[in-house]
Amino acid sequence: MKDPAFRMTMLFDFYGDLLTERQREFYDLYYNEDFSLAEIAENAGITRQGVRDVLVRAEAVLNEMEDKTGIVARFLEVRRGLNAIEECAGRIQALNASELHSSQLEALVSELTAKVADLKE
């Protein structure tokens, strides 16, 4: 993943329940709500370094789980595959509309597109 913030958000979505309540709270505020370390520290009544320590430990837990399971990587790979299938279905549909005019092919493309949409939910 190119965007580190996106990666951290994905890790939190998949593994966030493994964190302590405090880690979840700070992590959510920092990565999802875009609070600064100073803002979180002020609200929690601790130092900025204390917040950073909690975040570093949380990041370590999430990264370790991803290293062990690879669930986020597989999820993103499947998502890319579904997007490629969807793109191919669109090209088949365009070809069918311009040259083949097959109702059977149109029905298959519609079924394929619907299945991909179901899997993306």
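Student: Why is Glu64 called partly exposed in this predicted model?

Tutor: The relative accessible area of Glu64 is 41%. Buried means under 20% and exposed means over 50%, with partly exposed in between. Glu64 therefore counts as partly exposed.

Student: What makes Lys68 count as exposed?

Tutor: Lys68 has a relative accessibility of 60%. The cut-off for exposed is over 50%, so Lys68 counts as exposed.

Student: How do you know that Glu64 forms a salt bridge with Lys68?

Tutor: The closest N and O atoms of Glu64 and Lys68 are 3.0 Å apart. A salt bridge requires a side-chain nitrogen of Lys or Arg within 4 Å of a carboxyl oxygen of Asp or Glu, so this pair qualifies. Both residues belong to helix α4; being four residues apart, they are separated by about one helical turn.

Student: What makes the contact of Glu86 and Lys120 a salt bridge?

Tutor: Their side chains meet at 2.7 Å, N to O. The limit is 4 Å, so the pair counts as a salt bridge. The pair links distant parts of the chain, for Glu86 lies in helix α5 and Lys120 in helix α6, 34 residues apart. Glu86 has 32% relative accessibility and counts as partly exposed; Lys120, with a relative accessible area of 24%, is also partly exposed.

Student: Why is the aromatic pair of Phe12 and Tyr27 called stacked?

Tutor: The ring centres of Phe12 and Tyr27 are 5.0 Å apart, and the angle between the planes is 20°. Rings pair if their centres lie within 6.5 Å, and planes under 30 degrees apart count as stacked. Phe12 lies in helix α1 and Tyr27 in helix α2, so the pair ties together parts that are 15 residues apart in sequence.

Student: How do you know that Phe12 and Tyr27 are buried?

Tutor: Phe12 has a relative accessible area of 13%, and Tyr27 has 0% relative accessibility. Buried means under 20%, so Phe12 and Tyr27 count as buried.

Student: Which residues of α5 are buried, and against which helices do they pack?

Tutor: The buried residues of α5 are Val72, Leu76, Leu82, Ala89 and Asn96. They pack against α1, α4 and α6.

Definitions and conventions: Residues numbered from 1 in each chain as written. Predicted model: local features only at pLDDT ≥ 70, side-chain atom pairs only at ≥ 80, totals over all residues. Heavy atoms only, no water. Buried < 20%, exposed > 50% of the residue type's maximum accessible area, 1.4 Å probe, protein only. Helix = DSSP H or I, 4+ residues; strand = E, 2+ residues; numbered from the N terminus. Contact = heavy atoms within 4.5 Å. Phe/Tyr/Trp six-rings, centres within 6.5 Å; stacked < 30°, edge-to-face > 60°.
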